Amino acid sequence: MTTVAVKPATMAQALTRAMRDAMAADPSVHVLGEDVGTLGGVFRVTDGLAKEFGEDRCTDTPLAEAGILGAAVGMAMYGLRPVVEMQFDAFAYPAFEQLVSHVSRMRNRTRGKMPLPITVRIPYGGGIGGVEHHSDSSEAYYMATPGLHVVTPATVADAYGLLRRSIASDDPVVFLEPKRLYWSKDTWNPEQPAEVEPIGRAVVRRTGRSATLITYGPSVPVCLEAAEAARAEGWDLEVIDLRSLVPFDDETVCASVRRTGRAVVVHESTGFGGPGGEIAARVTERCFHHLEAPVLRVAGFDLPYPPPMLERHHLPGVDRVLDAVARLQWEAER
Amino acid sequence: MTVLEQRGAYRPSPPPAWQPRMDPAPLLPDAEPYRVLGTEAAAKADPDLLRRLHAHLVRGRRYNTQATALTKQGRLAVYPSSTGQEACEVAAALALEERDWLFPSYRDTLAVVARGVDPVEALTLLRGDWHTGYDPYAHRVAPLSTPLATQLPHAVGLAHAARLKGDDVVALAMVGDGGTSEGDFHEALNFAAVWRAPVVFLVQNNGFAISVPLAKQTAAPSLAHKAVGYGMPGRLVDGNDAVAVHEVLGDAVRQARAGGGPTLIEAVTYRIDAHTNADDATRYRGDAEVETWRAHDPVRLLETELTERGLLDEAALEAVREDAEAMAADLRARMNQDPELDPMDLFDHVYAETTAQLREQRDLLRAELAAEQDGPDQQEGDRR
Ligand SMILES: Cc1ncc(C[n+]2csc(CCOP(=O)(O)OP(=O)(O)O)c2C)c(N)n1
């Protein structure tokens, strides 16, 4: 038996590897964006791609997000598979019109004749001490746009697998990269990356019986930590990593909630109009008779993302998650 | 010795250059719109080309009047007519080779049809039964684009991709004068120039964006001058002179195909009809102005040239008109049939694979439709 060296790798490295492997496997895969070529991206996620595949395959574009995504649309129309990097969450907004008015609709508009296999990679979320405009959680905007897939990994292995799946998808994917997990490490073998399930499947990260924490992206580690801490209180929490916000995996989520009878949705994005509202509604509609308590949300406050010295008050942390769990009407039980 | 230690290091001098100096003069458009009809150049034009353009113009005009009539009869939800702009529409289609791509705006149905798309399929957007009724790949025509100027970066990306693949394909993108104020116009031109993409941008300057005149849209010497700032040539042409537009477009297409990069063309024209059937043009422009432009009608200009030079006799003219009438009659007959609608279509092309959520919603609509068929009494009963 041969043992494979399984070394710790970062999420950023896994993402780079995913693009590299996709480009090697398929000459139609092109990476484009700001600083993605010579520099390798401000987070170095495209490091080495221009060198290995040339500047025509990994291109430093002029600085204009609508132009980048608009050009990607035309490239996809001609049979290429563009992978666009938006430099930061808040700097993807200039591309919003292209995303909403064209990227999301072209397949539908042409009755399937003109699909657009475009992956839009966006580093998102806070917790890295970024100054204004560098920490937004913009997933609700994308979720509200039919025709897009919205995917976000929380582990190193998923970062690789989901990005490969996204690039291979014939639909446009908004691929949200939790930037504070870029440097998170995990043992992972880049030579034998595990197969990741198709886009749209949530995964149970931790099994438990008392209540379900429904979360994704940067809040997954927070919830896992909260679940560990909750043991001291006598709660055995299940943690679901959604991985894909669109399509939404009602099945996995509801199967869990029906078992536990209690649920808290956790995310950084604002609560009002945020993903948690949709998720809570879906769970309530489908699992009402199994619920022992209302579905609660732990989210970022309803305010513009705070300056870095105040962000820790805004971000949902372990304590706030545990406080929510405590409010799940356990009285009847005890 | 470092640079800073050299004598005279701090003497005032031009800053180090970031790019080689470029002479902007060759990029500048002519002071006046380029014309052929009514000039000596007209005599040199190929008679066959003139007749071909003319036949298309007559058909195009008839198409516009027929589509407008269909709108009045309720067969189209809306029609942005290109009456008065037919020279641009027709020349855009004819300047391209089979393998090239056309990127039209909502006003360019005529160019789409002149390129070979079925007239009824080209009108589904405006009839309202489906957004894009034609297969874009069949004639290499992108969907009619409504959000202003957003189709321009698509043309750039497609042309860029074609060049990367080694295909000598050119993309022609159409936009209005109002659309030149949009950010996507700027971004598309900049990308095209930086990438030297084989794209031709055709601006139909009809003087108005709905009600807003050009003077409120730009302070540039002309829209064609904008090209210079991006490092591409700008051309100014009489948009009602089909021969001139065809020639200028042809030059730009050839240059793009040969690797010479993009061109911005401003065609000066006029929209004779209101913005759409829903618009009241008398609120922002006077009859006198419309009359001035009617005297510069693209169909008449070319027809005069042809008849005066004896290139088109009465019989030939009659044949052209009959051909246009036949096209209109066919369009009328087919548009007077109700389109076939399948509500289930709504769910089929949102994603490659219909999601569980959409499958549920499709079932809901299917049940609603079934109940509708069973009649209201049945529905009452079901609910009880
Ligand atoms: C982004 C965007 N803003 C506003 C509109 C609404 N609108 C439709 S046509 C039009 C005027 C466009 O004028 P112009 O570009 O000159 O083209 P024309 O209609 O004259 O052909 C406007 C404002 C739109 N379609 N897209």
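A salt bridge is counted when a side-chain nitrogen of Lys or Arg lies within 4 Å of a carboxyl oxygen of Asp or Glu. In this predicted model, the side chains of B:D345 and A:R111 meet that rule, with N and O 3.1 Å apart.

Across the interface of chain A and chain B, the rule finds two salt bridges. The contact itself draws on 45 residues from chain A and 40 residues from chain B. Together the two chains bury about 3600 Å² between them, and carbon and sulfur atoms account for 62% of that area. On the side of chain A, the residues that lose the most area to chain B are A:Y78, A:N108 and A:R111, which together give 22% of what that side buries.

Contact between them involves 27 residues of domain 1 and 22 residues of domain 2. The area buried between the domains is about 2000 Å², with 60% of it coming from carbon and sulfur atoms. In domain 1, A:M143, A:T152 and A:R180 lose the most area to domain 2, together 26% of what that side buries. Three salt bridges are found across this domain interface. A:R180 also takes part in a salt bridge, with its side chain meeting that of A:E268 at 2.2 Å, N to O.

How many salt bridges does the structure hold over all chains? The total is 45. In general, side chains of opposite charge can pair when their charged atoms come close. One further example joins A:E52 and A:R20, whose closest N and O atoms are 3.1 Å apart. A:E52 lies in helix α2 (residues 49-53) of chain A and A:R20 in helix α1 (residues 11-25) of chain A, so this pair ties together parts that are 32 residues apart in sequence.

The empty spaces come next. Rolling a probe the size of a water molecule over the atoms shows where empty space is left. The largest pocket has a volume of about 650 Å³. Of the 23 residues that line this pocket, A:P198, A:I199, A:G200, A:P247 and B:E353 are the closest to its centre. Two or more lining residues come from each of α7 (156-168) and α9 (250-260) of chain A, and likewise from α15 (356-374) of chain B. By class, the pocket lining has seven nonpolar, seven polar and nine charged residues.

What kinds of residue line the largest cavity, by class? Its lining has nine nonpolar residues, with no polar and no charged ones. The residues in question are A:L69, A:M86, A:A92, A:A95, A:F96, A:L99, A:V120, A:I122 and A:Y142. At least two of the lining residues are supplied by each of α4 (96-103) and β5 (119-124) of chain A. The largest cavity has a volume of about 40 Å³, and a search of the whole structure finds one cavity of 30 Å³ or more.

Note on methods. Residues are numbered from 1 along each chain as its sequence is written. Chains are lettered from A and ligands numbered from 1 in the order in which they are written. This is a predicted model: local features need pLDDT of at least 70, side-chain atom pairs count only at pLDDT 80 or more; totals for chains, interfaces and linings use all residues. Side-chain values use heavy atoms; hydrogens and water are left out. On a 1 Å grid over the protein atoms alone, a cavity is a set of points where a 1.4 Å probe fits but cannot get out, and a pocket is an open set with protein on both sides within 12 Å along at least five of seven lines; lining residues have an atom within 4 Å of a point. Grid points are joined across faces, edges and corners, and a volume is the space filled by probe spheres set on the points. Helices (H or I, at least four residues) and strands (E, at least two) are DSSP runs, numbered from the N terminus. Ala, Val, Leu, Ile, Met, Phe, Trp, Tyr, Cys and Pro count as nonpolar, Asp, Glu, Lys and Arg as charged, and the others, Gly among them, as polar. Contact means heavy atoms within 4.5 Å. Buried area is the accessible area (1.4 Å probe) that two parts lose on being put together, summed over both.
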